[in-house]
Amino acid sequence: MRIAVIGAGKMGVWFAKFFLSKDYDVVLADRKKNKLVELGELPIDLTTNFQEAVSDADQIYLCVSINAIEEIAKTIGPVLHEGQVVMDIASIKEAPVKTMHQYIKGATVLGTHPVFGPGSNGVKHKAYVLTPTNPEEQKFAEEFKAWLKKEEAHVFVMTPKKHDELMSVVLGLPHFLGLVACETLLEQKNLSETKKVAGTTYRMLFTLAEATALETPDLYAAVQTNLQELGKIEDIFMTKAQELLTLIKNKDQKAIVERMEQLKKKLVSVDGDFAKSYDVMYRMLQSTEE
């Protein structure tokens, strides 16, 4: 099988190396020749010509930014044919899938989301989402799912809309919290001293803020502006934050205690394992401090 990977960024290189490790024939394409030169030691084909890369490939992975998918789809669409499969790996699915369908007619299209980063060692125990939209895509999705499960990945099949609804909570809200937390922390004059006296809770917050700030800006901007439900969720967050702030400013300790007790009851009713999960995470973070 021949695999074409479009985009020599971190995830593109990850996919190229991953399929190479499975003994597939791999071609990696990127417009920036300097990126490819740096990968010259890999036993794969390298090219700056996208149409050339996909012409004889069985599976094509679009490992490019969300904003670049339309241009790539326009470029490769005319040379694709029946029997080929084109998959994007974007963190958002509705818009990319719609774009691929618009410009790719000859090949099968499948929206996918590998929910892990380029530091992952394979797909074992990692979440991988597939979003087929018609019977043809569903058929391939089942085949791809079976292959991923052999690699011990956790595979989920859903619509692009359902995926984006979930990602509004899974990705969008944590990104938002991390950015706000980072900006708030950077306003503190004694920030350099805080980690010296920090406990587990603060380390969790600082880790989220730091990880968010150091991520790829265009990815986060795309996630924040393309997930349709995210604005509503962030509005809820702002409302809840203001309600709590009012109690704090009023020094209403009784109301704060009652609010927290209600939250605990709701968490148990939604997820009975939340306490166990928190305990594992808490112990893990504590061990890093010792």
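The axes of helix α7 (residues 160-186) and helix α11 (residues 230-249) come within 10 Å of each other and cross at roughly 50°, with axes fitted to C-alpha atoms over the stretch in contact and angles running from 0 to 180 degrees between N-to-C directions. Helices here are DSSP runs of H or I with at least four residues, numbered from the N terminus.

Which residues make the contact? On α7 they are Ser 168, Val 169, Gly 172, Leu 173, Phe 176 and Leu 177, and on α11 they are Leu 230, Ile 233, Glu 234, Phe 237 and Met 238, contact meaning heavy atoms within 4.5 Å.

The model is predicted, with pLDDT of at least 70 needed for local features and 80 or more for side-chain atom pairs, while totals for chains, interfaces and linings use all residues. Residues are numbered from 1 along each chain as its sequence is written, and side-chain values use heavy atoms, leaving out hydrogens and water.

Turning to helix α9 (residues 200-213), Thr 212 is found there. Thr 212 counts as buried because its relative accessibility is 5%, the cut-off being under 20% relative accessible area with a 1.4 Å probe and protein chains only. Leaving aside residues up to four places away in sequence, Thr 212 touches Pro 174, His 175, Gly 178, Leu 179 and Tyr 220. Buried residues make up 39% of the 290 residues in the protein.

Note on methods: Helices (H or I, at least four residues) and strands (E, at least two) are DSSP runs, numbered from the N terminus. Buried means under 20% relative accessible area, exposed over 50%, partly exposed in between (1.4 Å probe, protein chains only).
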